[in-house]
Amino acid sequence: MLTKDIELPEGLPVAHMRSLSSIVISDLHLGYEGMMARNGVLSPKINLLRIKKTISKALDATGANRVIVDGDIKNEFSKVEMEEFNELYDFITYVKSTGAELVLIKGNHDNFVERYGNAFGLKIYRQEAAFGEYLFFHGEEMPGSSASIKTLVMGHEHPAIGVYNKSDRKEKLKCFLYGKYMRYNLLVLPAMNYFSTGTEVNMEPKGNLLAPIFRKLDVDSMRAIAIGYGSTEDFGKVGRLRNLA
Amino acid sequence: MISYAGKPFSDAESMAVLNPYVKDWFMKNFGELTPPQKYAFKLISEGKNLLITAPTGSGKTISGFLSIISRLFDYSLEGKLEDKVYCVYVSPLRALNNDVYRNLTVPLEQIYAEIVKDKGEDILKGNMRKVTIGVRTGDTTQQERRKMLLKPPNILVTTPESLAIILNSRKFMEHLSGLEYVIIDELHELANNKRGVHLSLSLERLKEEVAGRISLIGLGATLYPLDEAAKFLVGSAASSTEDCVIVDASWSKKLDVVTRSPVRDLIYTDGQKIEDEMYKMVNQIIKENKSTLIFTNTRSGTERVVFNLKRRFGYGEDIAAHHSSLSRESRMEVEDLLKKGALKCAVSSTSLELGVDIGAIEDVVQLGSPKSVTRAIQRIGRAGHSYKATAKGEMIALDRDDLVECTIMLDAALKKHLDSFKVPEAPLDVLAQHIIGMSITRKWNVDEAFSLVKKAYSYRDLPRKDFDALLNYLAGNYVGLESRRVYGKIWYDEKERMFGRRGKMAQVIYMLNLGTIPDEVAINVFDLSKKWIGNIEEEFLTKLKPGDIFTLGGRLYRFEYAKGMKCFVSEAKTSAPTIPPWFSEQLPLSFELAEEIGKFRGSFASVIRASIKKRKISRVSKSTKMPTEVKNALAQLPMDENAKDAVFRYFLEQILFAKEVPNDKLMLVEQTHDIDGGKNYLVFHALFGRRVNDTLSRLFGIILGEMLDMDVGILVGDNGFMLELERESRLSQKAMKELFSNVLSSDIVSTIRLNIRKTEMMKRRFRHVAGRSFMILKNYKGWKISVGRQQVNSQLLLNAVEEIDPDFPVLKETYREVMEDVMDVPRAKEVVERLSKGSLKYKFIITPTPSPFAHKTLTFGHADVIMMKNKHDYLKELNRLVLKRING
């Protein structure tokens with residue numbers, strides 16, 4: 001348990017809010033292999049396959065009945081490629097088949113997704129959405145504020161940490177970041193996309209981080225909770241992980 | 001049927017098959033036939049498939065070509081010669097292509113002129129034409145290609161890659177409809193790798209496309225086994241319907257070779273002194289000969305030697321370096337100077353061991369072991385240009401194992417025992433490319449295509465399910481229908497059992513991406529005015545800091561800065577490099593040579609043992625004399641007195657110290673520790689060559705690791721391998737027995753497979769295979785993916801592919817390549833079987849300090865890290881401990 005209410009299912013890039021009976025995921029970038037293929041790299045379609053497996057495991061483990069996608073459900077900025085559409089359709093159908101409700105928060109890659117809202121009967125939020133004490137927003141802009149909100153939840157950054165193993169080889173692990181921003185708790189979700197290995201927040205110069213919120217808060221003050229090899233492990237403050245090499 | 005040529009034909013018989021003008025030209029220019037020619041002229045004129053092996057300077061090229069040229073002039077005189085390609089010549093080297101083109105243009109002109117002179121100008125009014133020759137390689141311009149399309153040459157000189165492109169050029173293929181001959185040169189450089197397998201599939205496709213029968217002529221230097229090479233040349237279908245005659249003239253050149261040690265005592269002589277003596281020895285050889293060719297095993301070694309010879313003995317422009325990192329122009333300049341006899345000495349890593357004509361070299365010096373008999377012969381064969389001359393060669397070795405190795409290598413060369421090559425077994429990535437190529441040409445029935453592929457020797461045993469899996473992969477059946485437009489390389493109708501071309505892009509993508517040579521990450525080096533100087537390896541660049549001085553092309557440069565894949569330098573004013581460029585370029589010891597060394601160890605050790613007993617020798621010192629029987633045992637071996645003395649002492653020390661000498665029938669496992677008593681070492685004295693040792697070391701390492709539940713360090717060498725353990729985990733006899741029994745009962749392939757999955761090598765090789773299989777398109781829609789980017793993508797791809805299907809063709813081929821082409825799992829399995837059966841024994845001993853024969857393995861891995869000098873000091877210290885134990 002990360003907090004009294006937030007649970008991180010073991011080894012998964014998923015957070016569970018008990019009070020909302022919801023799991024939240026982010027940065028799926030459906031259609032990613034299509035983009036790779038157009039650049040000459042022909043990968044099997046594994047991203048969606050993995051995402052479905054992960055959701056299934058997470059729903060089983062938590063018993064949640066709502067899936068919140070915290071932005072960037074798809075990959076292309078400007079249009080919806082046919083493969084992307086097919087994957088979106090497949091994804092939405094899949095979540096519905098589990099009986100869970102699907103909620104989308106729009107990310108910077110998510111132009112045109114509104115089109116599917118009515119057709120599939122989805123709730124789509126343009127910028128951010130408040131549920132209970134939580135505010136979900138994608139992260140490419142600053143969040144709004146509200147007195148009832150205690151915790152902010154974002155994606156966008158694709159956080160990871162770089163650590164060294166026994167044989168001195170660097171390994172990259174996707175991670176959650178958890179810390180304080182003003183009076184709020186802030187949870188940053190790792191990217192769910194298979195191919196996004198993430199940005200090593202403990203190695204990257206702070207100025208290179210994408211989300212504007214990191215201009216206002218020091219990433220070093222946040223805790224990195226890494227996932228990999230089927231488990232989840234708290235590595236402590238990011239600042240402590242800097243200058244490891 | 002593969003058969004060996006019997007007695008050579010008489011000169012009269014050979015000359016009788018030639019056109020009179022061609023015959024006159026030959027007699028005027030050569031006067032007599034060389035050994036291969038005594039077979040080739042007649043056999044080729046009879047349309048036989050022929051494999052000719054012969055050393056450099058034995059008129060190999062003319063052997064292959066003369067009967068063909070003669071036939072073409074016959075056609076010309078009969079007025080039947082058309083603008084068609086009658087003969088295709090393929091060699092792996094562009095430089096060699098240009099050589100052949102130049103060397104044939106002159107005779108073609110001369111013979112033609114002679115005919116015109118003889119018959120009078122009138123003959124030109126008839127249909128008498130010149131016999132033409134043309135080159136088509138990656139260097140050929142668009143314009144030249146268009147010209148060739150309008151007027152094709154009668155003899156087309158090309159590379160394997162360009163031939164593959166030609167196969168898919170509809171229009172040009174029309175010119176090949178009357179093809180009669182294909183010559184493959186430098187067969188020894190093709191038969192053992194994927195490039196050659198690629199060519200062999202091209203040949204089968206070519207045979208299928210051309211209506212008439214094609215005679216295949218293979219030319220090569222020393223290679224073994226010849227049957228295998230002949231099968232590679234003519235294909236597996238040929239055995240029933242066609243013959244191949246083998247003309248083995250490899251040994252027509254005599255060898256005069258010796259292994260030398262620069263000093264008497266390689267252990268206690270100061271490192272600097274050994275180096276001084278070595279350069280003195282080399283300089284002496286250079287002075288005594290008109291021209292000398294020196295081989296080092298690494299590019300950095302080449303640089304170092306050139307630098308030292310210049311500095312020590314004041315050589316100037318009369319000494320030059322030649323290696324693959326130098327620009328093409330620099331290399332051609334060196335070759336030209338050599339041909340003209342303008343160089344006193346050339347120093348090369350491997351680049352001069354191949355084909356290109358370099359004129360008369362008087363002596364070849366090899367510094368350090370070249371690790372294979374075949375390579376040694378190829379290199380030494382560079383000396384004495386004519387086949388009648390004797391090839392003179394010297395190997396200079398600087399440590400005692402190298403002395404043994406070089407001696408046994410030369411002895412094997414004199415006895416004509418070569419190490420064998422192996423054709424890669426049915427590589428799926430190469431096949432994937434050809435299936436795409438075939439699909440572009442026309443529609444194929446699957447069975448028809450499968451039987452064509454199986455005609456290529458490498459694919460004779462290709463399982464049908466692998467072929468079907470490839471078709472499915474190429475059809476894009478691993479993704480949904482909507483994506484196959486992009487993923488699919490071929491159209492494939494599983495029900496109708498047909499496949500063919502898919503989309504308009506197929507041809508372009510194919511032409512831009514075909515080939516088997518992976519992109520290497522080479523860093524280009526420029527001076528500050530942006531003039532290109534050469535290149536270095538990425539690994540070397542990572543070691544440079546600004547201000548460091550290194551040698552390239554025999555000159556000193558100061559490293560200034562690097563940007564992306566470029567490195568900028570300035571001319572250095574100082575006289576010494578600050579960075580010794582150690583690379584891991586070391587060549588692996590071959591299996592056969594290792595076995596020979598094992599046999600020698602066994603027999604020589606028993607001579608010494610008997611001698612010790614008889615003379616009651618129990619100590620070694622400077623004054624220890626070599627007993628007569630030992631002298632006799634070494635008398636027949638190609639080694640100098642220093643070398644004999646050093647090798648004798650080496651064995652004597654081993655016997656007195658450890659009692660046991662590992663050999664071809666005994667794998668010795670020695671538990672010992674380092675000088676400071678820190679780590680605990682298990683040294684496996686194993687003489688099976690580095691590729692087998694690589695496999696065995698992983699196997700033993702993994703299984704011991706599981707037994708002890710800890711990480712085991714692994715170090716692989718040529719004479720064995722070593723497992724490194726923590727000090728407290730010493731093994732008992734019982735534990736060692738358990739280790740062996742566990743290894744013998746293990747599933748070798750799956751154990752190794754699991755192990756290599758985690759390695760960097762696997763990732764890099766997967767990138768190569770994915771590129772060859774067109775899963776990563778290096779050139780796509782006018783954009784190029786950089787190697788760095790490919791590497792990043794391929795790691796993700798590897799994981800993805802594995803998760804989707806562990807038997808995915810691209811993944812399967814990567815494992816095959818690593819296990820069979822990089823390592824040698826099949827032979828490692830044989831070794832384990834021998835251990836099981838008891839025809840190979842093992843013995844476990846515990847030594848207080850490493851035994852002499854373990855020293856090389858102990859320091860082998862250090863080669864990259866510590867400098868020669870430190871290594872020498874370390875060895876000296878190890879030896880001092882040995883002598884202390886023996887002499888008390």
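Reply: Since this is a predicted model, a place to begin is Leu233(B), which, leaving aside its neighbours within four places in sequence, is in contact with Leu51(B), Ile184(B), Leu187(B), Leu216(B), Gly218(B) and Cys244(B).

Me: What makes these residues count as being in contact with Leu233(B)?

Reply: The criterion is that the C-beta atoms, placed from the backbone, lie within 7 Å, and Leu51(B) and Cys244(B) are among the residues in contact with Leu233(B) on that basis. In the largest nonpolar core, which has 243 residues, Leu51(B), Leu233(B) and Val247(B) touch the most other members, and the largest share of this core, 11 residues, comes from helix α25 (residues 641-658) of chain B. Another core, of 60 residues, lies apart from it and includes Leu8(A) and Val69(A).

Me: Why is α2(B) called oblique to α4(B)?

Reply: Helix α2 (residues 20-29) of chain B and helix α4 (residues 60-77) of chain B pack at an angle of about 140 degrees, with their axes 8 Å apart. Only angles over 145 count as roughly antiparallel, and 65 to 115 as roughly perpendicular, so α2(B) is oblique to α4(B).

Me: Which residues of α2(B) meet α4(B), and how is the contact of α2(B) with α4(B) made up by class?

Reply: Tyr21(B), Val22(B) and Phe26(B) meet Leu66(B), Ile69(B), Ser70(B) and Phe73(B), and by class this contact has 6 nonpolar, 1 polar and no charged residues.

Me: Why do β15 and β16 of chain B stand at the edges of their sheet?

Reply: The open sheet has 3 strands in the order β15-β17-β16 (chain B), with antiparallel pairing, and β15 (444-445) and β16 (490-493) each have a single partner strand, so one side of each is left without a neighbour in the sheet.

Conventions: Residues numbered from 1 in each chain as written. Chains lettered and ligands numbered in written order. Predicted model: local features only at pLDDT ≥ 70, side-chain atom pairs only at ≥ 80, totals over all residues. Axes fitted to C-alpha atoms, helices over the stretch in contact; angles between N-to-C directions. Helix = DSSP H or I, 4+ residues; strand = E, 2+ residues; numbered from the N terminus. Parallel < 35°, antiparallel > 145°, perpendicular 65-115°, else oblique. Contact = placed C-beta atoms within 7 Å. Nonpolar A, V, L, I, M, F, W, Y, C, P; charged D, E, K, R; others polar. Core = buried A, V, L, I, M, F, W, Y, C linked by C-beta atoms within 7 Å. Buried ≥ 20, exposed ≤ 12 C-beta atoms within 10 Å, placed from the backbone. Pairing = 2+ DSSP bridges.
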